[in-house]
Structure formats: C-alpha cells, structure tokens
Amino acid sequence: MAKKKKGDDLKLLCLFLFLTSLIQTDASFGVGAGVGVGIGGGIVGGGGVWVGGGGNRNTVPATAPNTLAYNALQAWKTAITEDPSGVLKTWVGSDVCSYKGVFCSGQSITAIDLNHANLKGTIVKDLAYLSDLNILHLNSNRFYGQVPESFKDFDSLQELDLSNNRLSGPFPLVTIYIPNLVYLDLRFNSFTGFLPEALFNKRLDAIFLNNNNFEGEIPRNLGNSPASVINLANNRFSGEIPTSFGLTGSRVREVLLLNNQLTGCIPESIGMFSEIEVFDVSYNSLMGHVPDTISCLSEIEILNLAHNRFSGEVPDLVCSLRSLINLTVSFNFFSGISSECSRVSFGFDFAGNCIPGRNSQRPEPVCSGYSGGGMSCYRTPVQPLVCAGISVGLKERFSRYTSSHP
C-alpha cells in the first residue's frame with residue numbers, strides 16, 4: 001500500500017508540474033512578454049506583433065492589416081537613402097502607429113504626413129497595401145522617379161500631395177484612377193508632356209500642376225472641372241485658352257495660367273465664372289481686347305492681365321467690379337483707360353502700356369508700330385451687357401464650334 005501511495009503521489013506531482021508549465025507557456029505570449037509572431041521568418045524589433053498594449057492580450061495573425069502596413073513601411077524605408085532629420089529612426093518595431101509622420105484611427109493607418117522631412121529616395125508600390133489611407137502628404141522632400149501604378153488601389157485616398165519633389169516622367173495617369181481623390185498637388189516637380197482630358201472630368205476640388213514642364217495645348221474640356229482651384233502656372237502650355245472655359249457653369253474660385261506660352265484671346269465665356277475670385281493670365285502672349293464679360297465676375301478680387309499683348313481700352317465695366325482689390329494690366333498695348341478706371345486709386349497697375357498722358361508708358365514708336373497682332377476677338381454685341389443672359393448665345397456658338405472641330 002505504501003508503494004501504491006508513493007506512486008499516486010508521483011503521478012499527482014507530475015500532473016501539477018505539467019499544468020504549471022502550460023500556464024507559464026501561455027503567459028509568455030501575453031502583451032509585453034517579449035515573444036510574438038514573427039514577420040517574414042524573423043522577430044520584429046526583438047519582440048513580436050501585438051495589438052495595442054497594456055491590457056490587450058490578443059495577438060495579430062500574420063495576415064492582419066498591421067502586418068501588411070509594417071511590411072509596406074519597411075519596404076519604403078529601405079528605398080529611402082537619405083534621412084538628414086532622422087525621421088525614420090522612429091520607424092522601428094511592430095507598432096506602426098508610433099512611427100513619426102504616421103497617423104492611425106484604431107489599428108488602421110489613415111494618414112501619412114512627411115512634409116518638409118527632406119527625405120531622398122523613391123516612392124514604392126508597397127504603399128498601396130495601406131488600404132485605409134485617406135491622406136498622403138509628401139511635399140518638400142527629394143523623392144524622384146515616378147508615381148507607382150499601384151496607387152490606383154488607394155480606394156480611400158482623398159488627398160495626394162507630392163509637391164516640391166523631383167518626380168519626373170509624363171503626367172501620372174494613375175492619379176485619375178484613384179476613385180475618391182479630391183485633392184491633387186503635383187506642383188514643383190519635373191513632370192513633362194501633355195495633360196490628359198480625363199483630368200478635367202474627374203471630380204477633383206483642387207488641381208495644382210504649376211511649376212513643372214507640361215506642354216501642348218490645355219485640354220478643351222478644362223471648363224468641365226468642378227475644382228475650386230486650378231493652377232497650371234509656370235509650365236510650357238501653348239495654344240489658346242479653351243473656348244469651353246466657363247460654359248459648364250463651373251464653381252471655380254481661382255484660375256492661374258500665368259507664365260506659359262498661351263496665345264489668342266480671353267474667351268467671352270470667362271464671364272460665366274460667377275464665383276471666381278482670382279484670375280491670373282500674366283506673362284503669356286494673349287492678344288486682342290479684354291472681353292466685356294469680365295464685368296460679370298462679381299466676386300473677382302485679383303485680376304492680372306500683365307505682360308501680354310492686349311490692346312484697345314481697359315473697359316469701364318472692368319474697373320467698376322465691386323469686389324476688385326487688385327487690377328494689373330501693365331506691359332500690354334492698351335491705348336486708353338476709361339473714366340471709371342481713372343478713378344481707381346489703389347491696386348491698379350497700368351505701367352508699360354500706350355496710354356497718352358500717363359507716366360511709365362512705352363515709347364511712342366513702339367506703340368505706333370503695334371497693330372494688335374491682327375487679332376480680332378469675338379465681342380458680345382448686345383448693350384447693355386446682361387450677365388444672366390450671356391450663356392445662351394455662348395453655348396450655341398460653342399456647340400457649333402465643337403460640331404465643326406471633332
């Protein structure tokens with residue numbers, strides 16, 4: 001009996017030790033215990049992949065979003081060759097939401113803001129795995145190369161700011177296929193080539209393409225864009241401002257076409273931009289008369305026509321605009337200013353024209369030798385001008401134009 005009792009005690013002891021080992025093993029996989037699920041065959045940050053911290057005891061499976069996010073950000077980190085501010089020193093470990101410049105909602109990365117980080121490298125296709133990303137702001141860095149085609153998979157992305165980098169190649173068509181994008185900023189890069197018509201059919205609220213090397217004519221459907229801001233300045237666009245400009249009833253507030261190689265007239269349809277506040281076409285080669293329909297721009301604050309080849313008289317109607325703060329018509333070939341313009345005492349620059357009796361004008365031989373470039377712009381013959389009624393005739397003319405110019 002003594003032997004049997006000892007045997008039973010030994011069995012009970014073994015069972016107790018076995019159960020104790022199970023409890024310790026399970027505890028070793030708790031939050032903050034230092035053992036976890038490895039990624040790609042290794043251990044992340046010497047620890048593992050865990051959800052949150054503190055009291056959360058749930059491990060993240062290998063296919064979870066944070067795992068994909070970790071892989072994507074580490075792939076991008078590898079493609080960045082210079083980080084003078086040490087931003088990426090924080091990109092260590094499995095807690096991607098603690099990385100500098102990375103912002104999360106719950107466990108999902110919803111925004112990346114690395115503006116002014118001065119990073120040098122490429123933008124990798126792996127970023128498209130961040131399926132919940134709403135905002136990607138990378139302005140003022142030294143990223144080069146092209147925008148990855150995988151960006152079309154950014155189903156949630158609304159804001160894309162790649163401005164002030166060294167990106168190149170043709171216009172990144174992939175941006176048109178980002179389904180929910182509303183803000184596109186590609187300014188201050190080295191993009192080249194033509195703009196696709198599809199850009200102005202997309203439901204964007206802001207289009208910034210200035211300070212690149214885009215060329216060719218501005219697509220004829222420019223006026224289709226619902227954007228409130230369109231900036232195409234400081235490129236190499238040529239040809240005329242599209243005649244459709246304004247005919248679609250756009251709610252645009254700022255249009256900047258300055259410093260290109262545009263020719264021809266300002267379309268009469270400009271007068272249909274009832275909410276526009278800034279219109280700048282300076283430093284081009286536009287000619288002819290300023291259309292009277294500009295007087296329909298009741299909300300315009302800044303109107304810059306400087307450094308072109310406009311002629312005739314600065315219209316009385318233009319200078320009577322109620323919201324106008326700054327009117328610049330300098331360095332053209334205007335031959336006169338109306339009585340209303342003469343009463344404007346601030347924000348009116350008319351130097352470098354051919355206006356008799358005014359200071360700082362062009363020499364007489366230059367003025368007398370200028371014929372206006374032979375440009376005859378269409379002008380609405382109805383007087384007085386009725387802004388609410390100009391759309392009918394202009395739309396009819398545009399319809400005839402498009403049918404004869406397929």
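Contact is taken here to mean heavy atoms within 4.5 Å. The structure is a predicted model, in which local features need pLDDT of at least 70 and side-chain atom pairs count only at pLDDT 80 or more, while totals for chains, interfaces and linings use all residues. Residues are numbered from 1 along each chain as its sequence is written, and side-chain values use heavy atoms, with hydrogens and water left out.

Leu-232 is placed in the loop between β13 (229-231) and β14 (236-240), strands being DSSP runs of E of at least two residues and helices runs of H or I of at least four, both numbered from the N terminus. With a relative accessible area of 0%, Leu-232 is buried (buried means under 20% relative accessible area, exposed over 50% and partly exposed in between, with a 1.4 Å probe and protein chains only). Residues up to four places away in sequence aside, Leu-232 touches Leu-195, Phe-200, Leu-209, Asn-210, Ile-218, Phe-237, Leu-256, Leu-257 and Asn-260. The C-alpha atom of Leu-232 is separated by 7.6 Å from that of Leu-258, which lies 26 residues apart along the chain.

Eleven aromatic pairs are found in a search of the whole structure, where rings of Phe, Tyr and Trp (its six-membered ring) pair if their centres lie within 6.5 Å, and planes under 30 degrees apart count as stacked, over 60 as edge-to-face and the rest as tilted. Phe-333 and Tyr-370 form a stacked pair, with 3.8 Å centre to centre and 15° between the planes. This pair links distant parts of the chain, 37 residues apart, since Phe-333 belongs to strand β22 (residues 333-337) and Tyr-370 to the loop between α5 (364-368) and α6 (390-404). Phe-333 and Tyr-370 are both buried, and in β22 four of the five residues are buried. The charged end of Arg-362 sits over the ring of Phe-333, 4.1 Å from its centre, the criterion being NZ of Lys or CZ of Arg within 6 Å of the ring centre and within 35 degrees of the ring normal. Strand β22 pairs with β20 (residues 309-314) in the parallel sense over four bridges (two strands pair if DSSP finds at least two bridges between them), and Phe-333 is the bridge partner of Ser-311.

Elsewhere, Trp-76, Trp-91, Tyr-99 and Phe-143 form one aromatic cluster.

The chain averages a pLDDT of 80, and 74% of the residues score at least 70, pLDDT being the predictor's confidence in each residue, from 0 to 100. Over residues 10-64 pLDDT stays under 50, and the model has 52 contacts beyond four places in sequence for them.
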